[in-house]
Amino acid sequence: MPSAARGIAVASLLLVHAAWAAGPGEGPAVAQPPAAVVDTAAVEPSGRAIAVPSGGDLQAALDSARPGDVVTLEPGAVYRGPFTLPKKSGSGWIVVRTGGDARAATALPRIDPGQAPKLAKLVAASGSVVKTAPGAHHYRLSGLEIRPTEGAFVHNLIEIGSAETSTEDLPHHVIVERCLLRGDPRRGARRGVALNGAHAAVIDSYIADIKEVGADSQAIAGWNGPGPFQIANNYLEGAGENVMFGGVDPSIRDLVPSDIEILRNHVAKPLAWKADAPSYAGTPWTVKNLFELKNARRVRVEGNLFEHSWVQAQIGFAIVLTVRNQDGRAPWSVVEDVTFANNVIRGATSGVNIHGRDNNHPSQPTRRIAIRNNLFADIGGPHWGGEGRLFQIVDGTSSVVIEHNTALHIGTIITAEAAPHRGFVFTDNIVAHNTYGITGTGVGIGTQALDALFPGAVVRRNVIVGGSSAQYPRDNFFVRSWAQVKFEDLAQGRVRLTDASPFRRAGLDGTDVGVDASALTQTIRPGGDGRR
């Protein structure tokens with residue numbers, strides 16, 4: 001870990017202990033990282049090469065393949081399914097990939113639609129194009145295009161598990177890599193990948209046209225697998241929730257999707273889906289948010305670009321952390337140990353919405369959430385159709401730590417209500433006060449809201465543009481305008497502080513207040529496409 005990062009982590013820990021001493025009830029604690037990770041290292045087949053020519057029987061090849069084999073498909077050929085990945089004995093990988101010269105063409109870090117002509121194409125007219133049999137394991141789908149038959153609607157392009165009722169039947173060790181997944185341009189698809197299993201990953205892929213009218217759709221969604229999961233270096237496009245864990249009650253008792261890594265993805269909704277955009281294509285797809293956790297534990301979300309979330313079927317928050325016992329049969333549902341760091345969130349109605357408990361069914365509390373070193377830009381305003389709230393925190397969270405973020409937003413810094421929040425830390429951020437700043441429903445703004453709804457909170461060393469120091473705790477900075485912050489070039493999105501800024505090295509940990517721009521450039525390329 002770099003020294004600056006160690007400094008931030010140490011300062012965070014000290015702040016957490018300080019808040020614990022000051023506040024009643026449950027003391028804050030540090031969000032825990034994933035306890036296990038998916039190994040996505042490349043494997044070389046050790047068995048047979050099974051070539052399936054254009055028009056050949058791919059399902060028969062899958063049925064006959066043994067661990068260690070590679071099934072190669074003809075570049076550009078269409079294979080009509082649906083297809084099932086059978087359960088095999090043994091632990092060697094079965095690789096299914098486009099063969100020939102296309103193998104070199106798909107070896108790039110992330111695939112894109114320009115490579116489609118060289119890819120073998122798996123299609124189906126209904127259901128799922130590719131799904132796992134109960135207990136299927138050790139499959140890699142590599143360098144393939146997977147889509148519905150033209151004009152068809154399918155529920156899943158790839159279904160890795162669904163409603164298994166025992167852990168023995170769950171699929172495991174399934175990796176989707178450098179694949180192009182697209183719903184039908186006119187009819188869409190409900191889901192790109194259903195990610196329900198163990199040791200499963202989607203990497204270096206491109207998922208688009210996942211959209212539906214009247215129902216939620218997701219590029220990737222998981223609800224009935226224990227993990228670990230990795231979603232890394234993909235383009236992910238979905239109308240409902242681009243990425244979601246939870247949302248369906250698990251079929252396995254006490255199951256919580258856990259140990260989840262979401263790294264270096266570009267997560268977006270195209271403006272062709274937005275009714276008032278010049279590029280609007282005319283279909284009112286059901287649009288909600290970019291990322292949502294309803295039942296998840298130990299989640300690392302880092303180095304991603306999230307963009308375009310507006311008011312349509314939901315109120316336009318880009319990021320939603322709201323625990324839900326969705327249909328009332330999973331009271332163990334929880335959102336806990338989430339680290340959201342080094343991301344860019346831009347072009348959205350509002351920023352982050354956090355609920356402490358399900359307000360419809362019994363659930364566990366939301367707790368140990370770290371939101372650190374993120375840039376929020378273009379949040380709110382008429383273009384996105386909403387209030388521009390940066391954070392909304394309701395109904396009794398615990399151990400929420402928000403630090404070293406920079407935000408350009410038109411609404412409140414924090415809107416809070418319902419049960420108090422314990423162990424809250426808000427430090428070293430650069431934000432706009434606007435009209436109401438930190439506000440609590442029915443309890444006022446500033447210190448009044450903090451005392452009523454965030455007892456014992458640590459709120460220090462924040463730069464607040466606008467507002468009055470008399471309304472807030474001491475050891476915060478107030479300036480009249482963004483110009484006084486002295487960014488390198490705010491109009492061009494360059495939010496590194498200049499040497500002339502009074503807030504250089506003014507943070508509690510001795511670093512600059514606000515986002516560390518160099519950490520963002522290490523995880524997101526300057527082109528803004530979410531790739532390294």
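Which residues touch the most other members of the largest nonpolar core? They are Leu73, Leu195, Phe245, Phe391 and Ile414, in a core of 90 residues. By nonpolar core I mean a set of buried Ala, Val, Leu, Ile, Met, Phe, Trp, Tyr and Cys residues joined through side-chain atoms within 4.5 Å. Buried means under 20% relative accessible area, exposed over 50%, and partly exposed in between, with a 1.4 Å probe and protein chains only.

Before going on, the ground rules. This is a predicted model, where local features need pLDDT of at least 70, side-chain atom pairs count only at pLDDT 80 or more, and totals for chains, interfaces and linings use all residues. Residues are numbered from 1 along each chain as its sequence is written, and side-chain values use heavy atoms, with hydrogens and water left out.

In soluble globular proteins, nonpolar side chains tend to be buried together.

Now the whole chain. The protein has five helices and 43 strands; these are DSSP runs, helices being H or I of at least four residues and strands E of at least two, numbered from the N terminus. The radius of gyration is 24 Å, close to the 24 Å from the globule rule for 532 residues, so the protein is as compact as a globular protein of that length. That radius is taken over C-alpha atoms, and the rule is 2.2 Å times the number of residues to the power 0.38. Buried residues make up 60% of the 532.

Next, some local points. Pro82 sits in the loop between β3 (78-80) and β4 (83-85), Pro228 in the loop between β16 (218-222) and β17 (229-232).

Asp337 is not a glycine, yet has a positive phi of about 60 degrees. Its place is in strand β26 (residues 335-341), and at 4% relative accessibility Asp337 counts as buried.

Is Asn360 buried or exposed? Asn360 is exposed, at 58% relative accessible area, and lies in the loop between β28 (350-355) and β29 (367-372).
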